[in-house]
Amino acid sequence: MTMIPESLSFAIVAGLPPLTGLYGAFIMGIITAFLGGRPGMISGGAGATVIVMIALIATHGIEYFFAAVVLAGLFQVLVGIFKLGKFVRLVPQPVMYGFLNGLAVVIFLSQIEQFKQKTNAGFSWLQGESLYIMGGLVLLTLVLVHFIPKISKALPTTLIAIAVIFGIVHFFNIETKTVQDIASISGGFPPFHIPQIPLNLETLQIILPYAALMAGVGLLESLLTLTLVDEVTETRGNANKESVAQGIANITNGFFTGMGGCAMIAQTFVNLNAGARKRISAIVSSLAILFIILVAAPVIEQIPMAALVGVMMMVAITTFSWGFFKKMTKMPKSDILVTLIVAGITIIFRNLAVAVLVGIIISALVFAWESAKRIRARKYVDENGIKHYEIYGPLFFGSVTNFNEKFDLANDPETIMISFKESRIADMSGIEAVDLLTKKYSERNKKVILTYLSEDSRKLLENAAAIIKVNIAEDPHYKIPSDLL
C-alpha cells in the first residue's frame, strides 16, 4: 500500500508511464527477495534512483533510460562480485544519524505534497472542506497506527488503519483524494522489451554517466538500509550478495520496462514494524503489487490517499532517530556538525549520495586532523652516545609537520636511531618525510637508523627505494593486530 503511491508519483515526475513505476517495484522486490543478502528488507521503484535519470529521459527518451538502467545493474553486479560492498563500513555513525534523520524529514515532507490537487494551471493546495477532510483522515490514521499496537502487536497495524479509513470514506460517501487521482494502476505482466538504441560508442558515452550515478545512489541507499536493518534485527546481512541482487534486478528492469530502483527505507521500516524478518515478507509484497496490477486495481484505486499519507507520516516519525538529541550533549562537536550537514543536504537537495559522501569526507578530515595532533616522540641518549627517538602515533600526510618538529638536527649526535615500535609509516607523505629528514642529517654528516618498522611500513619504504635512501636496522617480525585478524 505504501509502495504504490511513491512508485507512481516518481514515475510520473520523471516523465515515465505510471505502470513503469509499479513494474519496477514488482521486479526489484521479487528478485531481491530471493537473491538478496538481507531478509526483511524491501526493494522497489525508488525515487532516489529515478530522479538522477530525469535529464536523460528529457533529452534522449525512454529507450535510453531503459539502457542506462541495464548498465547501472551491471555496475552493481560488478561491485558485488569484486566484494566492494564492505566499504559501506566507512560510513561513520554521525553520517548514519544524518542520513536517517534527513530521510525521515524528506519522507514526511513528500507526504505534504499529497495535500495538493491537480488543476489546469498545475498544482494548488487543497482548500476549505477538502483540506479539512484530508487533514482529519490523516490524523485519524496516525492515531490508529499509534494505538493499534498497544492492543496487540500481532495485529497488522498498517492494513487495519488503511481498511478503517477506506470503510469510513465509502460508508459515509466522503469525497476525498484517492489513489486513482494519481494514475490508473491497471495493466498486464511486465512485457519483455529490448531497448531500441544504437549499439555504438556514442550511446555508451550518453548513458554511462547516468548509469554510474544511478548505480552509486542505488547501492548507497540499499547498503545503508541494510546496515540499519542489521541494527534493528540484531543480525548481519551480506552487502556483496545484496549488491549482486540489486544489479540483477535492475538489469531485469531494463529489459522488462521497469524504472529500476533500490532498497526502500520507509517501506522496509513498515515491514520491520509489522514484525517481518524473513524473505517471505518481500515476496508477498511483490506478488501483491503484481496481483493489484492484474486484478485488484479497481479496488486499490479507491483507497483514500489520506490513509497512505498517514501511514507514511508515522513511518517518518518512527524512522527519525529521536535519541540523537539526548546523545548530542555527549557527542564531539565535529560529529554533531557532520550529522547536521548530512541531514541538511539530504533535506534540501534530496541527494542521498552527495549527502553521505560529504559526511564521509568531513569525518575523514576530522579524523586525520585529530590523528595528526597525536604524534609524539620520546627522546634520550644512551651510554654509547646514540640519540633515540621513539615515535608514537601514525606518520602520514597530516602528521608530517609535527613529526619534523620533534628533531633537533643541529645539536643531535652523529648517530640517531628512530624507533617506530609504536608508530607506522602510512603513506607517501610519511616516506618523503623520512627521506627528507635523513638527507638533512646526511648534510651534517650524521647517520639515521630506523628500527621496529612494521612489515607494511617497511614494504612502503622498499617500494620507494628508487627515490629514497635510508638505513633500516633489521628487526624481528612483529605481528600487528591486522595480521591476527
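This report walks through the fold, cores, surface and selected residues of a predicted model.

## Overall build

The protein has 485 residues, and buried residues make up 50% of them. Its secondary structure comprises 20 helices and nine strands. Taken along the principal axes, the C-alpha atoms fill a box of roughly 100 × 55 × 45 Å.

The accessible surface comes to about 23800 Å². Carbon and sulfur atoms account for 63% of that surface.

The largest nonpolar core holds 54 residues. Ile4, Leu8 and Ile185 have the most contacts inside it. Six helices each supply at least two residues of this core: α1 (3-13), α2 (18-35), α7 (128-151), α8 (157-171), α12 (279-300) and α13 (305-319). The most comes from α2, which gives 10 residues.

Residues up to four places away in sequence are not counted here. Its partners include Ile4 and Leu8, which both lie within the span of α1. Leu19 and Leu22 also touch Ile185, and their numbers fall within α2. Further contacts are Ile292, Ile293, Ala297, Ile300 and Glu301.

A second core is separate and has 51 residues. Phe65, Phe99, Ile197 and Leu223 are among its members.

## Helix α7

Helix α7 has 24 residues, which should span 34 Å at 1.5 Å a residue. Its end C-alpha atoms are 35 Å apart, so the span agrees with expectation.

Which residues of α7 are buried? They are Ile133, Met134, Leu137, Val138, Thr141, Leu142, Leu144, Val145 and Ile148. An α-helix has 3.6 residues a turn, so residues three or four places apart point the same way. The buried residues of α7 pack against α8 and α13.

## Around strand β2

Glutamine 114 sits in the loop between α6 (93-112) and β2. Is glutamine 114 buried or exposed? Its relative accessibility is 11%, so it counts as buried. Beyond its neighbours within four places in sequence, Gln114 contacts Ser9, Leu126, Met134, Lys177, Ile182, Met305 and Val309. One of these, Met134, is also a buried residue of α7.

Lysine 118 belongs to strand β2 (residues 116-119). At 70% relative accessibility, Lys118 counts as exposed. The C-alpha atoms of Lys118 and Ile182 are separated by 9.2 Å, although the two residues are 64 apart along the chain. Ile182 is also a contact of Gln114.

Helix α5 (residues 62-81) contains isoleucine 81 and alanine 72. Ala72 has 1% relative accessibility and therefore counts as buried. Ile81 has 51% and therefore counts as exposed.

Ala72 contacts Ala211, Met214 and Ala215, leaving aside neighbours within four places in sequence. Glycine 216 lies 144 residues from Ala72 in sequence, and their C-alpha atoms are 8.4 Å apart. Ile81 takes part in a nonpolar surface patch of about 630 Å².

## Loop residues

Serine 321 is placed in the loop between α13 and α14 (323-327). With 15% relative accessibility, Ser321 counts as buried. Its contacts, leaving aside neighbours within four places in sequence, are Tyr97, Leu100 and Asn101.

Asparagine 173 is in the loop between α8 and α9 (201-233). Its phi is near 50°, a positive value in a residue other than glycine. Asn173 is exposed, with a relative accessible area of 63%.

Glutamate 234 is in the loop between α9 and α10 (239-255). The phi of Glu234 is near 55°, again positive in a residue other than glycine. Glu234 is exposed, with a relative accessible area of 72%.

Terms used: Residues numbered from 1 in each chain as written. Predicted model: local features only at pLDDT ≥ 70, side-chain atom pairs only at ≥ 80, totals over all residues. Heavy atoms only, no water. Core = buried A, V, L, I, M, F, W, Y, C linked by side-chain atoms within 4.5 Å. Buried < 20%, exposed > 50% of the residue type's maximum accessible area, 1.4 Å probe, protein only. Helix = DSSP H or I, 4+ residues; strand = E, 2+ residues; numbered from the N terminus. Contact = heavy atoms within 4.5 Å. Expected span 1.5 Å × (residues − 1). Patch = residues over 30% accessible without salt bridge, like charges linked within 9 Å, V, L, I, M, F, W, Y side chains within 5 Å. Areas by Shrake-Rupley, 256 points an atom, 1.4 Å probe, with all protein chains shown as cover. Salt bridge = Lys/Arg side-chain N within 4 Å of Asp/Glu carboxyl O.
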